[in-house]
Amino acid sequence: VQLQASGGGLVQAGGSLTLSCSAPGRLSSTYGVAWFRQILGKERMFVASISGTGDITHYTDSVKGRFAIARDNAKNTVSLQMNSLKPEDTAVYYCAADNRQKSFSEWYRFKDEYNHWGQGTQVTVSS
């Protein structure tokens, strides 16, 4: 599954961006999908995830109430709506997908559990 991430850009603090992750014809409802973000020189960190059917979502504490992940399996896309952006949200954002044969709650936040990654999209939030 080859993922394509898009939607990054430069925005002022308090603004909004929507990231999109697509895999034309391949991102079925069997795949859990997550967004991670990485600052240069730092470890890639979990941001949000959504189960294959879309009924289970998880967020890291720092984005709860500001970010919302959603998926449209008919269009093979997963979006990350980011509101009330802060300078500390600045990073390269990556989408990832996999279809592990175990409960999504056991692996959603571990980057090593994902074998399929998008190319990353830069999000820069100015103060």
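Predicted model: local features only at pLDDT ≥ 70, side-chain atom pairs only at ≥ 80, totals over all residues.

Biologist: Let's start with strands. Which strands does β9 pair with?

Modeller: To read a strand, look for the bridges that link it to others. Here, β4 (residues 32–38) and β9 run antiparallel and are joined by 7 bridges. β9 also pairs with β11 (residues 121–126), again antiparallel, over 3 bridges. Then there's β10 (residues 116–117), antiparallel to β9 and joined to it by 2 bridges.

Biologist: Can you point me to some residues? What stands opposite Ala96 of β9, and what is its bridge partner in β10?

Modeller: Ala34 stands opposite Ala96, while in β10 the bridge partner of Ala96 is Trp117. For β11, look at Tyr93, which stands opposite Thr121.

Biologist: Okay, next one. How many residues of β9 are buried?

Modeller: 7 of the 8, so to speak a mostly covered strand.

Biologist: And how do I read a nonpolar core? How many residues does the largest one have?

Modeller: The general idea is that in soluble globular proteins, nonpolar side chains tend to be buried together. In this model the largest nonpolar core has 28 residues, and Trp35, Leu80, Met82 and Tyr93 have the most contacts inside it. Several strands supply at least two residues each, among them β3 (17–22), β8 (77–82) and β11. The largest share, 4 residues, comes from β9. A second, separate core has 8 residues, including Phe46, Ala96, Trp107 and Tyr114.

Biologist: Let me zoom in on Met82. What is it in contact with, beyond its neighbours within four places in sequence?

Modeller: Its contacts include Leu17, Leu19, Phe67, Tyr93 and Val123.

Biologist: Then what does the side chain of Asp98 reach?

Modeller: The backbone nitrogen of Asn115, at 2.8 Å. Leaving aside neighbours within four places in sequence, Asp98 is also in contact with other residues, among them Thr30, Tyr31, Trp107 and His116.

Definitions and conventions:
Residues numbered from 1 in each chain as written. Heavy atoms only, no water. Polar contact = N/O pair within 3.5 Å; in protein donor to acceptor, adjacent residues only side chain to side chain. Contact = heavy atoms within 4.5 Å. Buried < 20%, exposed > 50% of the residue type's maximum accessible area, 1.4 Å probe, protein only. Pairing = 2+ DSSP bridges. Core = buried A, V, L, I, M, F, W, Y, C linked by side-chain atoms within 4.5 Å.
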